[in-house]
Amino acid sequence: MRKNQINRKNKPSHRSRRFLKNLFGRFFWYLLPLYLIFCCVDYALPHQTQALRSWAESRISDAEFLLTGETSKSEPFSKGSENYDVSDFEVHFLDVGQGLSVFVRSGEQTLLYDGGDRDTSSFVVAYLKQQQVESLDYVIASHYDADHINGLIGALHVFPAETIMGPDYTHESDTFDSFCQAVESQEKEVIHPSPGDCFPLGKGFFTVLAPEKEYEDSNNNSIVLRLVCGDTSFLLTGDAEAESEEDMCFSGMDLSSDVLCAGHHGSSTATTELFLSVVQPAYGIISAGKDNEYGHPHSETLQRLKAYGAEVLQTSRLGTIVFSSDGNTLTWSSFR
Ligand SMILES: [Zn+2]
């Protein structure tokens, strides 16, 4: 029997089974760590790849910024602590080519600051209708140049306006006459606000910063607004240039703003170093037509904005740019 048992154990099939058993027992503790390492590598590789991809994308984005002065991404820009809904405060920089038009929605109230030139007047009206606008609480002409008020004339023919504002000077042009007629047709008068005046605007408010006086150059007569929602703020400067900017800087009023709509379509005669040092914007918006005859925006302006760390966003490159604020965080998006 014993011999038989021995013989049975020594059969080839038994030998191979015992060999395998020993092999598994011996190598199990070697194989287990190897298997665990394999699992870790298998898990980490895609994450590593994703991290590398994100890093590469951010480097490409940085390179784009250095080349063009702008990016196409919207990263939340946070400050302060107050919180509203994102939809509570929106500032739309409309793509009106060589001109300016800014639509603001704050809670239940709306504001239209400039309306662009004649060729985009119907676009502005269509845009406001698309935004479900039925009436405007404030219609504000920064000044009376055609590339700012032609679209306002169109808007005043369609939307009832509660308060209409403009600077206190007259302009000899058919466009200015048409603007006055459009205001009269609503049985309204143009109000001339003064620096320091403050007006409620839905979830926020706006203050008037300029013009301090009547300037020789009508661009400097632009009404400048500082829109405030919680801890976030926007500066709309129309075509104000160095002279008005300097007066604002020495007025003692709060000019600090997260978003600066650069004066006079990015002309080198505006957005001075002094002004930037006081405003300290995180974003610089430039509303100008592509390949316009004035060469706006001028490279000096772009360089100054970049030197002060402002991210430059141009309507000629991005189309209409919309900022949303919850009183704490700013986000933006753009579309054509
Ligand atoms: Zn202009």
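Axes here are lines fitted to C-alpha atoms, for helices over the stretch in contact, and angles run from 0 to 180 degrees between N-to-C directions.

**Figure 1. Helix 3 packs against helix 4 in this predicted model.** Helix 3 covers residues 121-130 and helix 4 covers residues 146-156. Their axes sit 8 Å apart, at an angle of about 50°. As for handedness, the crossing of the two helices is right-handed. On the helix 3 side, the contact is made by S121, S122, V124, V125 and L128. Helix 4 brings N150, G151, G154 and A155 to that contact. Sorted by class, the contact between helix 3 and helix 4 has four nonpolar residues, five polar ones and no charged ones.

**Figure 2. Y127 is a buried residue of helix 3.** Zoom in on helix 3 and you'll find Y127 there. Y127 has 20 other C-beta atoms within 10 Å, and the cut-off for burial is 20 or more, so Y127 is classed as buried. Check out L94 as well: Y127 and L94 are 33 residues apart in sequence, yet their C-alpha atoms are 8.6 Å apart in space.

**Figure 3. I285 sits in the largest nonpolar core.** This core has 71 residues. I285 is one of the five members that touch the most other members, along with V102, V139, L227 and L236. Skip the residues up to four places away in sequence, and I285 touches F93, V259, C261, A262, L313 and I321.

**Figure 4. G196 is an exposed loop residue.** The loop in question runs between strand 7 (190-191) and strand 8 (198-201). G196 has 12 other C-beta atoms within 10 Å, and 12 or fewer is the cut-off for exposed, so G196 gets that label. Leaving out neighbours within four places in sequence, G196 is in contact with V208 and M253. A210 makes another handy reference point: G196 and A210 are 14 residues apart in sequence and 8.4 Å apart in space, C-alpha to C-alpha.

**Figure 5. The whole chain, for context, has nine helices and 16 strands.** Of its 336 residues, 41% count as buried. Take the contacts between residues at least 6 apart in sequence, and 67% of them join residues at least 24 apart.

Technical notes
Residues are numbered from 1 along each chain as its sequence is written. This is a predicted model: local features need pLDDT of at least 70, side-chain atom pairs count only at pLDDT 80 or more; totals for chains, interfaces and linings use all residues. Helices (H or I, at least four residues) and strands (E, at least two) are DSSP runs, numbered from the N terminus. Two residues are in contact if their C-beta atoms, placed from the backbone, lie within 7 Å. A nonpolar core is a set of buried Ala, Val, Leu, Ile, Met, Phe, Trp, Tyr and Cys residues joined through C-beta atoms within 7 Å. A crossing is left-handed if the near helix is turned anticlockwise from the far one by less than a right angle, and right-handed if clockwise. Ala, Val, Leu, Ile, Met, Phe, Trp, Tyr, Cys and Pro count as nonpolar, Asp, Glu, Lys and Arg as charged, and the others, Gly among them, as polar.
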